[in-house]
Amino acid sequence: MVLFLLMFVTPLGYAAYLSLFQERLIGGTTFVGLDNYVTALKDPLLREGVLRVAAFFAIQVPLMLLLALLFALALDSGLLRLARVIRLGIFVPYAVPSVVATLMWGYLYGPDFGPFAQLGEKFDLPVPHFLSDGWMLSSLANVVTWEFVGYNMIILYAALRTVPQELYEAAAMDGAGAWRIAWSIKLPALRPALLLTLLFSVIGSFQLFNEPKLLQDIAPDVIDSSYTANLYAYSLAFTGQQVNYAAAVSFLLGLVIVIFSYVVLFTANRRRTS
Amino acid sequence: MHRASFTPSTSQMSRRLFLTAASAVSLGAALTACGGSGGGGGGGGSASSAKPVSQTDIDEAMKTPTELTFWTWVPDIEQEIALFEKKYPAIKVKVVNAGQGVDHYTKLRTAIKAGEGAPDVAQMEYQAIPTFTITDSLLDLSPYGASKLKDTFVDWTWGQVSGPEGEIWAIPQDTGPMGMLYRADIFDKHGIEPPKTWDDFAAAARKLHKADPDVYLTNLAANEAAAWHGLLWQAGAKPYATSGKGNVSINVNDEISKKLAAYWGGLAQEGVIGVEPDFTDAWFSALNKGKYATWITAAWGPVFLSGSAKSTAGKWRAAPLPQWDAAKPSSGNWGGSTSAVIKATKNPIAAAVFAQFLNSDPESAKLFSTKQSFFPATKPLLADPSFAGNASAFYGGQKVNQLFAEIGDTVSLDFQWPPFLDQAVTDWTETVGTSLARKKDTVAALDAWQTRLTTYAEKQGFTVQAP
Amino acid sequence: MTTTSPPAASSQAALNSTATGTPRPTHPRRRSVRRHSTPLTIVMLAVLAYFLLPLFWLAVASTKSTQDLFTSFGLWFSRSPQLLENIRETVTHDDGVFLHWLLNTVLYSVGSALGAALLAAAAGYGFAKYRFRGNNAAFSSVLGAIMIPPTALAIPTYLLFAKVDLVNTPWAIVLPSLVSPFGLYLMRIYAEDAVPDSILEAARIDGAGELRIFLTIALRLLAPGLVTVVLFTLVATWNNYFLPLIMLNDPRLYPVTVGLSSWASQAVGGGSGANSNMLALVTTGSLLSLIPLVIAFLLLQRNWQSGLATGGVKQ
């Protein structure tokens, strides 16, 4: 456990220490106290980045969890042929590294030579420009959804499998239909699992990085270096050589995530008790 | 072009370099004040203050068993290194490909900062040199005999690697003077002459797109800050200047820049040129399918294109860039790189000798031009008939090398790069590049770029001088 | 999006048990054979098609030459498929460096997964079963720490590692991956329920040392949770891109994700030198890099699914 703390807390502590300094290309390092944090709070680029991922979270996460839930219910309903194949097929994207996933989708999105665009041209259908400013967030949401629906589905599915058989038998005896069973028995049983997936999604959304970073290559005019908060922290550290400021931004972002997670937990628990 | 060099691993790189005049190099003509020839900085001219290292010390070091680490992304560079190791059997060179471009510099910077794991010698593009000298990370090579090489290399390249006090920060390896490749078949079909001036070019762009809405005269990639800087260079702009350690002047929105921005921004807004990112799948497809009738590129472009647009072989020709003033032809540079020695090296002599040998030894330099298809940085090689006289079938038998060698003579000598290149590039993409891509006011974007860079420089402790 | 892939279902059990109090053991229900619904099946097959579409593209693209990649329709084969030739080129390019990458990836991810699971088990067990000062503070600081994005911390971590000479060694990848806060979280909750205090008491009375108790008794009881942690750390390390990108300089040490993206940047390096022939290698390499993990998931299907289900049983 000492090792655990050592490996984990030391870099964090060092980063926290760094965030109190400022190192310049000219003039060297000075202690600046909390100045970096003050600057970060006032930084419009950071605020934009956080708001953007918040919007992303608000749209993508409910959609992804809803899909995961529907798929899990469908699989659990026993009404499917080929259920095993479908389950694995939906789960497979989780095993695809995000580097590869983004590469594939980036190609499919291509405005001139992507297959969607080619098909659209052939049949004279309007195809949206997936990589444009208006569509980018949705396109990103699609990639992330594609990667993680299966994963969330499996969590929910595993939870469903543990609902005691007797409950269903009892419900069936009371004359409850499939929908009613889903609503009254399955959903309540899923609440903790849903909460868990939600929590992971908070962290995932707010730390959104790989996908926008990789799509930046093909849509540089849409995804700028502060598109998401995490991307901004990265650019500060690597492009701007402002390691200290970047560390401060990271900690602030962590704080936002902590707050959001507690809000999620808090609302969920209150609803449960009411 | 050296078509013979077209295996997958060698066709790729973009430039060439070589050198035939054998002994002229290492013996070196009198090297007097080797200085900055106007390049890297305000001072210029005076001989380096560093004390020369004696030949005895050099001989001694080159006989001592040593291992050098060399970070480079150049494929198959082992062949050139073998030549070095043959001449200096005591020195072994370990090649590490730590990534290309930004990845490479990021790692290099982090390793230097950590004081651990940095190489002895590193590949370095011209534009990156000031970014590493500002942190005092490069070794001045002038005490190690590098001053003698001044006359071997093309003048503007020497300006790029020289410091204000006569330091020599790196040895040029290859270059990318800019020119224009065009589709002769498309030009013929629409009765367009290769444009001599930018005015002609704009007229041709309108004419072509009107005649065939699926075709554009060219694509100015909205992500390619390097190409923009090359065009700035051609137009005679001086966007950056550094004097002393902490003084920088930033001038990215002066009159020349505004002229350039109005020109390209205007064409983009009219919709008669493309602005899509380059080197993407879509862009490669576009070149193969004839969506663009020209590619504004550099001397490494011809070989690159013949590898990536094979389906269009024979249809392309090369020409100089269109001019702002046809009476005074000029060009800029895009690409090319150097070998620099990292200051923290424990083997400065061996590393410095290696950097010099690799790029100036006639045999090694020639190998770069044949194996890696680099465009040379040395004068003797550029003049060598076996290089310049080569005719390429992809370009209908045109002597493309000779053309670009001539263009190279028109590259102006005193273009400088900022000491924070990555930031300048990112900010360009997010201001000027974005304005091009979205067909917004590119001239106004220059002001935004200027403001961002100024703010950044001040934050980093620089004294920013008014334009 | 998640760079750290959380271990899955058993922690939902964890949340549940903390929320509802007593665990309520049940058996996975056995399903009677029922009628199938064709419309639902069709809908789900359509869904399946969406999930497999990009993979299909990748498989098709892997059969193409660089030239065909640019000139033929994306979702169907070109006239001259050359999958075998692409594979041969991919594995032989640069002295077979690609195979090195695959091997490295396997080593790094298996090493970190096993290590992470063990460490998480030990730490989780410690947190759950021993009271010590600062217990809760330490635990919540670890939980809070996962909220901090790792990207900007890469440089501080690098600087620290450089001080102890670990940069550019496999340890620089494995050591940070060993620390899995999610695993710790999961194992703590898991240990609270799965390892009854009474057994520990009994063992202590028998004179067993604490280490021995952990190794012989606790670890076995924690096994189902361990499987889940192993699998999901495995995926996380396998997919890890950022850390190795920063930590490693020697291409021979790269895992496959970093290797592929270095090829991709060689393919599109632009002014600093580019080779479009690399694109075919990048696509084929991507396809090859997926295969081991997919196979692992298929082969271990029973294990990871039962791991999840066991986690669920604990509700």
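Reply: Helices (H or I, at least four residues) and strands (E, at least two) are DSSP runs, numbered from the N terminus. The model is predicted, so local features need pLDDT of at least 70 and side-chain atom pairs count only at pLDDT 80 or more, whereas totals for chains, interfaces and linings use all residues. Residues are numbered from 1 along each chain as its sequence is written, with chains lettered from A and ligands numbered from 1 in the order in which they are written.

The axes of helix 5 (residues 102-114) of chain B and helix 6 (residues 154-163) of chain C come within 9 Å and cross at roughly 50°; axes are lines fitted to C-alpha atoms, for helices over the stretch in contact, and angles run from 0 to 180 degrees between N-to-C directions. Helix 5 of chain B is therefore oblique to helix 6 of chain C (under 35 degrees is roughly parallel, over 145 roughly antiparallel, 65 to 115 roughly perpendicular, the rest oblique).

At this crossing, Thr110(B), Lys113(B) and Ala114(B) meet Ile155(C), Tyr158(C), Leu159(C) and Ala162(C), contact requiring C-beta atoms, placed from the backbone, within 7 Å. By class, the contact has five nonpolar, one polar and one charged residues (Ala, Val, Leu, Ile, Met, Phe, Trp, Tyr, Cys and Pro are nonpolar, Asp, Glu, Lys and Arg charged, and the others, Gly among them, polar).

As for the setting, chain B has 20 helices and ten strands. In chain C, residues 39-60 are 100% helix and 0% strand, with end C-alpha atoms 30 Å apart; residues 211-238 are likewise 100% helix and 0% strand, with end C-alpha atoms 31 Å apart.

Technical notes
Two residues are in contact if their C-beta atoms, placed from the backbone, lie within 7 Å.
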